[in-house]
Structures are given as C-alpha cells and as structure tokens.
Amino acid sequence: MGEFVRLETKDGIGTIRLERPPMNALNTQVQEELRAAAAAATAAAEVRAVIVYGGEKVFAAGADIKEMADMSYVDMADRAADLSSALGAIARIPKPVVAAITGYALGGGCELALACDWRVVADDAKLGQPEIKLGIIPGAGGTQRLARLVGPARAKDLIMSGRMVDAQEALRIGLADRVAPAAEVYDAAVALVRPYLAGPMQALRAAKLAVDGGLDMDLNSGLAWESQLFAALFATDDRREGMTAFVAKRKPDFTGR
C-alpha cells in the first residue's frame with residue numbers, strides 16, 4: 001500500500017511489512033505509511049490479528065538520523081508529535097498485535113516494537129534505545145511504554161546508558177515475550193496470534209482497551225472503565241453465543257458481532 005510499508009493479509013492475519021533497505025530506518029515517509037497501514041488493518045474485517053515485521057534481516061534500526069541532523073527545535077516539535085502519533089496508531093489497532101523482531105530493533109524501531117502487544121524476538125537480535133548517545137532521548141513512546149513494560153529502574157538503565165540487550169536479557173526483563181531461532185521468528189509470531197483468530201473480536205478489543213486504557217488511570221477510574229466495557233459486551237452476539245455454547249457444553253462459533 002506504500003513504497004516502504006505494506007499490509008498483506010492471509011488467513012485472518014494482517015502483516016504490516018517494512019521494506020526500506022538496508023535497515024528500515026523510520027523516516028517521515030515510513031512514519032506516515034505505518035499510520036496508513038494501521039488504519040487499514042483496523043478497518044479490514046478480514047484482519048483479525050496483526051504482525052509487524054521488518055523481514056528476515058532487520059526489524060528497524062531506528063529513525064533516519066540523516067533526515068534529523070539539521071533540524072531545529074521548531075522543525076522537530078512538529079515531527080516528534082507526528083512520529084509519536086504514528087506509532088500510537090499501531091498501539092491503537094483494536095486487535096492482537098505482535099512484533100516479529102529480527103536483527104535490530106533500536107531507537108524508533110524499539111519504540112515501534114513497544115507499540116505492539118507482544119514481541120517475538122530472534123535469538124540473535126539486539127534491542128535498545130541508544131538515543132542518549134546522540135545527545136537526545138527517545139521521542140516516540142520509548143520513555144513511557146518501556147517504563148510501563150519493564151519498570152522505571154530498568155527503563156532508566158536502558159535509556160540513560162543507551163546499551164543494547166540481547167534476546168535472553170530482553171526475555172528476562174519482559175521486553176521480549178518469546179525467543180525463537182531467527183529463521184522461525186515470523187512463524188512463531190503467527191503461532192502466538194493464531195489462537196485469537198477465531199475468538200470473540202469485540203471481547204478481544206474490549207480486553208485490549210481495558211488494559212491499555214486502565215494503565216493511564218488511577219485504580220478506581222480503571223475499575224469503572226472495566227465495568228463499562230464488561231457491560232457493553234452484553235450487547236454482542238458473541239456474548240450470547242459464548243454463554244449459550246457454555247451451557248450446551250459445545251464449542252462456541254464466534255462471528256465477531
């Protein structure tokens with residue numbers, strides 16, 4: 001659908017594929033094509049889960065520094081908000097989303113992975129937020145999503161040192177959810193999302209909204225948000241089918257309605 005980013009759909013899975021050799025650097029064009037791919041994946045009823053994939057060699061090695069090198073504060077004030085909102089569009093896809101990571105996921109590439117629900121990482125991959133080595137900090141969600149995922153102390157370590165972590169450390173600290181041989185990363189991502197393909201899509205959407213939205217609220221507000229989403233599912237056909245099937249002791253046939 002774009003020059004560097006496309007959405008491919010097969011068997012209920014939409015793959016958002018980055019193809020900007022050699023390192024899938026996230027320039028302004030890639031940023032906007034990611035936003036468009038997220039919108040397309042959201043709108044497509046046939047897409048029931050999403051994989052973000054950079055190919056067999058690299059996920060994304062960061063922002064396009066050559067594009068940024070001569071920018072002023074005024075220039076970057078607009079660009080930063082747009083980049084953050086483009087990756088936010090990935091985070092807001094109301095379906096299960098997994099990053100399939102090979103090679104490097106650094107800087108903006110790591111932030112793209114953080115915008116996904118899960119991360120499947122190649123056993124030889126490297127992840128990190130090295131922006132500090134350029135005299136800056138992550139600006140597209142890294143300081144916020146990373147801290148929520150691995151905790152503030154570990155996030156500060158990674159962000160303030162700029163060091164890279166390997167797959168096993170990423171798994172240990174919660175930055176990765178599964179580790180697979182590099183040649184099997186995409187298949188492992190498919191295996192992770194496959195159980196959701198026949199699930200109740202409105203309930204899966206509500207679960208994601210409840211968890212992600214609740215993280216931005218105090219506990220009482222989060223509980224009220226959860227209660228509203230829970231009650232709303234009683235208007236769906238899938239809720240009726242799920243409970244009817246349970247009582248009848250049969251497998252439910254969810255339609256996504």
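How many bridges join strand E4 to strand E6, and which way do the two run? I started there, keeping in mind that this is a predicted model.

**Entry 1: the sheet**
I found four bridges between E4 (residues 97–101) and E6 (residues 118–122), and the two strands run parallel. Looking across that pair, I saw alanine 100 standing opposite valine 120 of E6. Then I traced the whole open sheet: six strands, ordered E1-E2-E3-E4-E6-E9, with mixed pairing. At the edges I noted E1 (5–10) and E9 (178–180), each of which pairs on one side only. From one strand to the next, the twist averages 20°.

**Entry 2: the largest pocket**
Next I looked up the largest pocket, with a volume of about 830 Å³. It has 29 lining residues, and I jotted down the closest to its centre: Ala91, Asp117, Lys208, Asp212 and Leu215. Helix H3 (73–91), E6, helix H5 (142–150) and helix H9 (201–214) each give two or more residues to this lining. H9 has the largest share, with eight residues. By class I got 16 nonpolar, three polar and 10 charged. Why does this pocket lie between domain 1 and domain 2? Because domain 1 (5–196) and domain 2 (201–248) both give residues to its lining.

**Entry 3: the second largest pocket**
This one holds about 540 Å³ of space. Of its 23 lining residues, Ile65, Met68, Glu131, Ile136 and Ile137 are the closest to the centre. I checked which helices contribute: H2 (65–68), H3 and H4 (108–114) each supply at least two residues. The largest share here is three residues, from H3. My class tally for this lining reads 16 nonpolar, four polar and three charged.

Note on methods: Residues numbered from 1 in each chain as written. Predicted model: local features only at pLDDT ≥ 70, side-chain atom pairs only at ≥ 80, totals over all residues. Heavy atoms only, no water. Pairing = 2+ DSSP bridges. Axes fitted to C-alpha atoms, helices over the stretch in contact; angles between N-to-C directions. 1 Å grid on protein atoms, 1.4 Å probe; cavity = no way out; pocket = protein on both sides within 12 Å on 5 of 7 lines; lining within 4 Å. Points joined across faces, edges and corners; volume = space filled by probe spheres on them. Nonpolar A, V, L, I, M, F, W, Y, C, P; charged D, E, K, R; others polar. Domains from an automatic or database assignment.
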